[in-house]
Protein chains: 2
Amino acid sequence: MDERVREHAEVLVDWSARIEPGDDVVVDVAEGAHDLAVAVAERLGEVGANATVTYGSEEVRRAYLRANEGEFDAGATDLALFESADAYLRLGGGRNTAAMADVDAETRQAYRSARTEVREARMDTDWVSTVHPTRSLAQRAGMSYAAYREFVYEAVLRDWERLAETMSEVQTLLDDGETVRILKGRDDQPRTDVRMSIAGRTAINSAASVAYDSHNLPSGEVFTAPYDTDGQVFFDVPMTVDGRRVEGVRLVFEGGEVVEFDAERGEDALEAVLETDPGASRLGELGVGMNRRIDRFTDNILFDEKMGDTVHLALGRAYDATLPDNESGNESAVHVDLITDLSEASRIEIDGDVIQRNGTFRFEEGFEP
Amino acid sequence: MDERVREHAEVLVDWSARIEPGDDVVVDVAEGAHDLAVAVAERLGEVGANATVTYGSEEVRRAYLRANEGEFDAGATDLALFESADAYLRLGGGRNTAAMADVDAETRQAYRSARTEVREARMDTDWVSTVHPTRSLAQRAGMSYAAYREFVYEAVLRDWERLAETMSEVQTLLDDGETVRILKGRDDQPRTDVRMSIAGRTAINSAASVAYDSHNLPSGEVFTAPYDTDGQVFFDVPMTVDGRRVEGVRLVFEGGEVVEFDAERGEDALEAVLETDPGASRLGELGVGMNRRIDRFTDNILFDEKMGDTVHLALGRAYDATLPDNESGNESAVHVDLITDLSEASRIEIDGDVIQRNGTFRFEEGFEP
């Protein structure tokens, strides 16, 4: 076994999920993630945790969803499983990213709705989502298998504690700030010029560990929950939404709400997202990507939104950790991240001060105020 | 997909496990059983049952067991899973029957002991064990993959209701009888001549369905729980016990207990079984194989013990269904089946009447009294 698979498992179990002896851990294994599952089982055994291993096969799920004619049910076993679990480790990495392409949207939505309680129980655990590099994901990224493995391990196997320190500077700026403005394009006619309030919200230093309220491996972003958004944003990073390619999205906000939108490609997929529920046309997240080891877009949101020199805005649900206790933020059944590359002709301002210009933060060398 | 995979799933879900709408079903998928899992998920979807799919990977289990240095724990998640389940479908069929060969016996035993409660919860469900034909199982059987698939589907896809009717004749004979005698070999010097009492015990018509107290697919045997065994048995069918080849076992019983034993091969593996606990040197089962579609030994107990014209005796644990209510039968941590071919030079007697000679039952054509 590639030694990096073992290191990946150690980062996941030790740094990300903070598994301790006696913890009850559910490990979900995608069709192509067998090798990582073996390494994770080994690490859980060394730690002395208990493990239930589930099979996260999209082909199995597709067959089940397409065959079911009636109403979906939450399922007593899944609920019992997550309610009794301390942690949930999702090992993604399938054999075909289009495996569920012929499951219609209503069926997915009905299944999702029926399982709200299961999902909540799962998110009440110390959950972490990661992926094992597979040929299918390499294909989606437009990369060779060898190069894609290299890319994944560069992003995953890093000194997270050190990155967390760097990210804490941005966290402090966001925590102390009240208004964020993002600009991109020619100064006289920017394609992106948007302002949003973040006063009273908590910024999360997402350092790939539940100890940082972070549930993705890799991670490497600082995020918060904005509101009262006004202005226009152009998202220049292509992405896949519910299996559909979406490119060149433009959103216009007034008073926190999307009042105008278009897309160069996949506009109807975007429209379907916006029409899900009232919360789907408001923002749930502003995230600043800071993992510079992610140096290209691979059409996988787990990586894309953490890329250095980017920001992303998510339509829909806000994360509880970003909100004051007992305050609920934007609520929605969806959470769709849209990304803008800020590596050039751009800046981020907080309360009028430039904190990043052309991808360089003000605490970094080469920053031009 | 081979249409027979779909038929296998239907027999499993409908005939064997009797799954109904809303049932909570745990499906365990061995590494090589993906295609059967897809078909089973489809059938469960059609029926409207809920499913939790677990990954029964021996490589994952091996890694976990070998890494664990300390004591094993039952694990809250597995227990919660089976306590909330109505049924458990185990889809065997790995990629290497020796996958766990380097996990030592003490570790296996410690893990097994720690999980008694989990096992009991699992056996309290409507559980059914089957296998998807894999190249690994074909290899173990000494067969080509194509021929092995043919063999498995011949054994599995049959008219179970009709076989149940035939088997009910043997069930009645065993239920009404008090003493069974099995003989094989030259009349003046039989290698096998053993008597056992079955009075008061219930014979199970194991027709591959929980409705018949039968938990294997394929099945096709009638079994009961004997006691007070006396005499000698020679088991001429080779088998694998805890990963060790065992052949030519001879057991001598007095007053229900093994008092003498030897084996032409693997005698120490046999000895280890007998020394497990006091119940391991007493019989827990007498089974009569009646699935004539199983026409050869394939070194897989799921099939071998059901082969037509054979009997098997199991050292160790008796099944509750064979015992009167509130009576406990032979107890042991093991249940090891040993098989004798009765197709020639042999007979089975019940209370002195010959009920089978050279593999032909007295209710069948060609029977010689």
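Is A:E3 buried, partly exposed or exposed, and what is its relative accessibility? A:E3 counts as partly exposed, at 43% relative accessibility. The model is predicted.

**Salt bridges**

A search of the whole structure finds 60 salt bridges over all chains.

| Pair | N to O distance |
|---|---|
| A:E3 and A:R6 | 3.4 Å |
| A:E247 and A:R265 | 3.3 Å |
| B:R245 and B:D299 | 2.8 Å |

A:E3 and A:R6 sit in helix α1 (residues 3-16) of chain A. They are about one helical turn apart, because three residues separate them in that helix. A:R6 is partly exposed, at 27% relative accessible area.

The bridge between A:E247 and A:R265 links distant parts of the chain, 18 residues apart. A:E247 lies in strand β12 (residues 244-254) and A:R265 in strand β13 (residues 257-265), both of chain A. A:E247 is partly exposed at 24%. A:R265 is partly exposed at 44%. Both residues also belong to a network of salt bridges with A:R140, A:R245 and A:D299.

In chain B, B:R245 bridges to B:D299. B:R245 is in strand β11 (residues 244-254) and B:D299 in the loop between β13 (283-289) and α11 (301-304), so the pair ties together parts 54 residues apart in sequence. B:R245 is partly exposed at 30%, whereas B:D299 is buried at 14%.

**Surface charge**

A:E83, A:E117, A:E120 and A:D124 form a negative surface patch. A:E117 lies in helix α6 (residues 116-123) of chain A and is partly exposed at 46%.

Conventions: Residues numbered from 1 in each chain as written. Chains lettered and ligands numbered in written order. Predicted model: local features only at pLDDT ≥ 70, side-chain atom pairs only at ≥ 80, totals over all residues. Heavy atoms only, no water. Patch = residues over 30% accessible without salt bridge, like charges linked within 9 Å, V, L, I, M, F, W, Y side chains within 5 Å. Areas by Shrake-Rupley, 256 points an atom, 1.4 Å probe, with all protein chains shown as cover. Salt bridge = Lys/Arg side-chain N within 4 Å of Asp/Glu carboxyl O. Lys, Arg positive; Asp, Glu negative; His and termini not counted. Charge placed at Lys NZ, Arg CZ, Asp CG, Glu CD. Helix = DSSP H or I, 4+ residues; strand = E, 2+ residues; numbered from the N terminus. Buried < 20%, exposed > 50% of the residue type's maximum accessible area, 1.4 Å probe, protein only.
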